[in-house]
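Me: I should like to learn how to read a protein model feature by feature. Could we go through one together?

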Amino acid sequence: MTDQEIFDYLFKRAKTSKDQEGVVAACLVKNGQILVSSPSADDSIRHAEDLVIEKAKKQGIILDENIILYTTLEPCSVRNKDISGCVSIIVTTGIKNIIYATNDPEYSQDTKQRFLTAGVNYQQIQNKEIIDRAVKLFNSTSKTPLTAWQLPRQKKLEIFKLRPLPEIKKGLNATGKYNQKFINSVIKGLKESKAYNRH
Ligand SMILES: [Zn+2]
């Protein structure tokens, strides 16, 4: 399956959830095939990444560097005192590859740094259409503000936060997709930046 097909599947899967904090879906992929998938729980308490890892363990799936975790929203680094964030859950497995669709400015405060520190290859899908669909799906199902649920959210996700606007415009080709040359230049810039090399 291609990344596009995997995310198409995840969006369908996410829509089966009644999660009022915004629906999310995650799956584990090996050799291009989805092994196991899950939407976020209807009661919002368990997240899609958490549930998909639990399912995989029950099925005896080995979580190693051959597995890619795909998720429609980047994993949370912050929850409440009684529930582990998804980053903490993921880094205790052997998963070393993650591809996510949309950023979460409110609940992924140190997600990227923690994955980099743990040696996880953590990447946002480089496809504007997929990212926009993920944002719209989440926002259309997220009730704000939430005070009685596990993750009170103050605002909706923002459309396309991949890079600051001037740089996005520079890299987009006529069809609105990134060109490979631009993606390579962003990756090169990241690798050379202080933030990337801090750990
Ligand atoms: Zn989470």
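**Reading the model**

Reply: The chain has eight helices and five strands; helices (H or I, at least four residues) and strands (E, at least two) are DSSP runs, numbered from the N terminus. Along the sequence the pattern is α-β-β-α-β-α-β-α-β-α-α-α-α. This is a predicted model, in which local features need pLDDT of at least 70 and side-chain atom pairs count only at pLDDT 80 or more, while totals for chains, interfaces and linings use all residues. Residues are numbered from 1 along each chain as its sequence is written.

Me: What is the order of the strands in the open sheet?

Reply: Strands of a sheet pair through backbone hydrogen bonds, either parallel or antiparallel. Here two strands pair if DSSP finds at least two bridges between them. The open sheet of five strands runs β2-β1-β3-β4-β5, with mixed pairing. Its edge strands, β2 (33–39) and β5 (121–124), each pair on one side only. From one strand to the next, the twist averages 20 degrees. Strands β3 (residues 67–73) and β4 (residues 97–102) pair in the parallel sense over four bridges, and Y70 has I99 in β4 as its bridge partner.

Me: Which strands does helix α1 touch?

Reply: Two residues are in contact if their C-beta atoms, placed from the backbone, lie within 7 Å. Axes are lines fitted to C-alpha atoms, for helices over the stretch in contact, and angles run from 0 to 180 degrees between N-to-C directions. Helix α1 (residues 3–14) packs on the sheet and touches β1 (25–30), β2, β3 and β4, with its direction at about 145 degrees to that of β1. Helix α2 (residues 48–58) also packs on the sheet, touching β1, β2 and β3, and its direction makes about 130 degrees with that of β2.

Me: Which residues touch the most other members of the largest nonpolar core?

Reply: A nonpolar core is a set of buried Ala, Val, Leu, Ile, Met, Phe, Trp, Tyr and Cys residues joined through C-beta atoms within 7 Å; a residue is buried if 20 or more other C-beta atoms, placed from the backbone, lie within 10 Å of its own. Among the 40 residues of the largest such core, they are C27 and L69. The largest share of this core, six residues, comes from α5. Beyond its neighbours within four places in sequence, C27 contacts I6, L10, I34, V36, S37, V52 and Y70.

Me: Where does pLDDT stay under 50?

Reply: pLDDT is the predictor's confidence in each residue, from 0 to 100. Where it is low, the predicted coordinates should not be read in detail. It stays under 50 over residues 163–171 and over residues 195–199. The chain mean is 84.

Conventions:
Buried ≥ 20, exposed ≤ 12 C-beta atoms within 10 Å, placed from the backbone.
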